[in-house]
Amino acid sequence: MKRRSFFKFSLATALTSLMKPESIFGMQNHEISTREAKTEPVVISTWSHGIEANEEAWKVLENNGKSLDAVEQGVKITEADLSNRSVGIGGRPDRDGHVTLDACIMDERSRCGAVAYLEGIQHPISVARAVMEKTQHVMLVGSGAKAFALDYGFETCKTPIKEVKKDWKAWKKENKEAFEKPEINHENHDTIGMLAMDSFGNISGSCTTSGWAYKLPGRVGDSPIIGAGLFVDNEIGGACATGMGEAIIRIAGSHTVVELMRQGLHPQEACKLAVERIIDKHENLEGLQCGFIAINKMGQIGGFSVYNGFNYAVRTANGKGKLFDAAFDRKW
Ligand code: SD4
C-alpha cells in the first residue's frame, strides 16, 4: 500500500472504530433519507457547455418533471451542437475518419442503458434510454446498436461533418507517426456528464461523448460504461466523469465516488479521493487529465480533477448559468 493510501486507510479505520457499527452506515442513511423531503431541484454538468445543457434540463425540473427526463433533454442540446468537437454529431472521428459515439443513462431506480461505438445517429443518449426501457439489456454496441436505433426510428445523421473531416485530413497529414499509434489529445475531448435531482429528491444521470479524438478504431472509453463514466445510487447520490477514459475505467471512477459518499464523505471530498486514486495508480501523469462531479441526497455538490482547467456548470432555482472551477491536485 502506498504511503498516502496507508495513512488515509489508517485514519478511516481509526475513526470508524470509535463509532458503533450501526452508526456507521445506519445513521448516515437515516440522516440522508429524513432530509429527502427538503431537497430542491438542482442540475450539474461537466464543462462550460453544461450551462446551456443545464438550462434545457431545468425546463423539466422547474415543472416538477423527472430527473431522468431532465438529464436526457439536457445533454441532447450538446449532442446537437455542431460546433462541439467532443460530443455528438460535430464530434471528431477515430483514426480512420469514423465518428463513433458513446453514451449512457441511469435513473433513480438503478435502471441503466448504454450505447457504444454508435455511428450516424443524432442522439445516442436517447438510444441509451431506449436500451434501458425497451430491452432487457444494458448496453448495445456498434452495428447492433445502430440496427436497434434504426428499428426504433431514431434520427440519423451523416458524420463527420465537413469541417471535422477537413481537420481530420489535416491531422492525418501532420501526424504520420500518430496515425500508426495515436496519442491522446487532452485538449479536445470534453464529454458532457450531467446529474440532476428533481423536486421528488430523485437523482438520475447521463453521459455522452465522441470520445478520444483520433482514437484507434474500436476504442470505447469510460463514458458509456456504468460505474466508470456514470453511476447513480438514489439512496446516496450520483457521479460522472470526464477526461482520459482509460484511467477512469481502471478505478471504476464514478462508482468509486458514490461508494465514498456512502461512507459519509462530502461529494467534493469523494471526487478528490477518486482523483487521488487515479494519481496513485499511474506512474506517468503527463497529459492525464480526469475529473469527477458528484451530488448527494442532500443536494450537496462537488468537483475535482487531476489538473487545473476543469469546470462544471450548476443550475438551481436561484442560480442560472453558474460555472465553477473544479478543485485540482496539480497544475499543468
Ligand atoms: C473518453 N472520457 O472517451 C471520454 C472523453 C472525455 O473529456 O471525457 N473527455 O475517454
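Trainee: At what angle do helix H10 and H11 pack, and how far apart are their axes?

Mentor: Keep in mind that this is a predicted model. Helix H10, residues 253-262, packs against H11 at about 135°, and the two axes are 8 Å apart.

Trainee: Which residues meet where H10 and H11 touch?

Mentor: A contact here is a pair of heavy atoms within 4.5 Å. H10 brings Gly 253, Thr 256, Val 257, Leu 260 and Met 261, while H11 brings Pro 267, Ala 270, Cys 271, Leu 273, Ala 274 and Arg 277. By class, the residues of this contact are 8 nonpolar, 2 polar and 1 charged.

Trainee: Next, the cores. Which residues touch the most other members in the largest nonpolar core?

Mentor: Leu 230, Val 257, Ile 278, Cys 290 and Phe 292 do, in a core of 48 residues. Helix H11, residues 267-281, supplies the largest share of this core, with 7 residues.

Trainee: What is Ile 278 in contact with, leaving aside its neighbours within four places in sequence?

Mentor: Ile 278 is in contact with Ala 247, Ile 248 and Ile 251, and also with Leu 288, Cys 290 and Phe 292. Elsewhere there is a second, separate core of 29 residues; Leu 118, Ala 145, Ile 192 and Ala 196 are among them.

Trainee: Let me try another pair. How do the axes of helix H3 and helix H4 cross?

Mentor: The axes of H3 (residues 49-61) and H4 (residues 67-79) come within 7 Å and cross at roughly 145°. This crossing is right-handed. On the H3 side, the residues in contact include His 49, Glu 52 and Val 60, and on the H4 side they include Asp 69, Gln 73 and Ile 77. The residues of this contact divide into 6 nonpolar, 5 polar and 3 charged.

Trainee: And how many helices and strands does the chain have?

Mentor: The chain has 11 helices and 13 strands. Of its 332 residues, 54% count as buried. Among contacts with a separation of 6 or more, 66% link residues 24 or more positions apart.

Note on methods:
Residues are numbered from 1 along each chain as its sequence is written. This is a predicted model: local features need pLDDT of at least 70, side-chain atom pairs count only at pLDDT 80 or more; totals for chains, interfaces and linings use all residues. Side-chain values use heavy atoms; hydrogens and water are left out. Axes are lines fitted to C-alpha atoms, for helices over the stretch in contact, and angles run from 0 to 180 degrees between N-to-C directions. Helices (H or I, at least four residues) and strands (E, at least two) are DSSP runs, numbered from the N terminus. A crossing is left-handed if the near helix is turned anticlockwise from the far one by less than a right angle, and right-handed if clockwise. Ala, Val, Leu, Ile, Met, Phe, Trp, Tyr, Cys and Pro count as nonpolar, Asp, Glu, Lys and Arg as charged, and the others, Gly among them, as polar. A nonpolar core is a set of buried Ala, Val, Leu, Ile, Met, Phe, Trp, Tyr and Cys residues joined through side-chain atoms within 4.5 Å. Buried means under 20% relative accessible area, exposed over 50%, partly exposed in between (1.4 Å probe, protein chains only).
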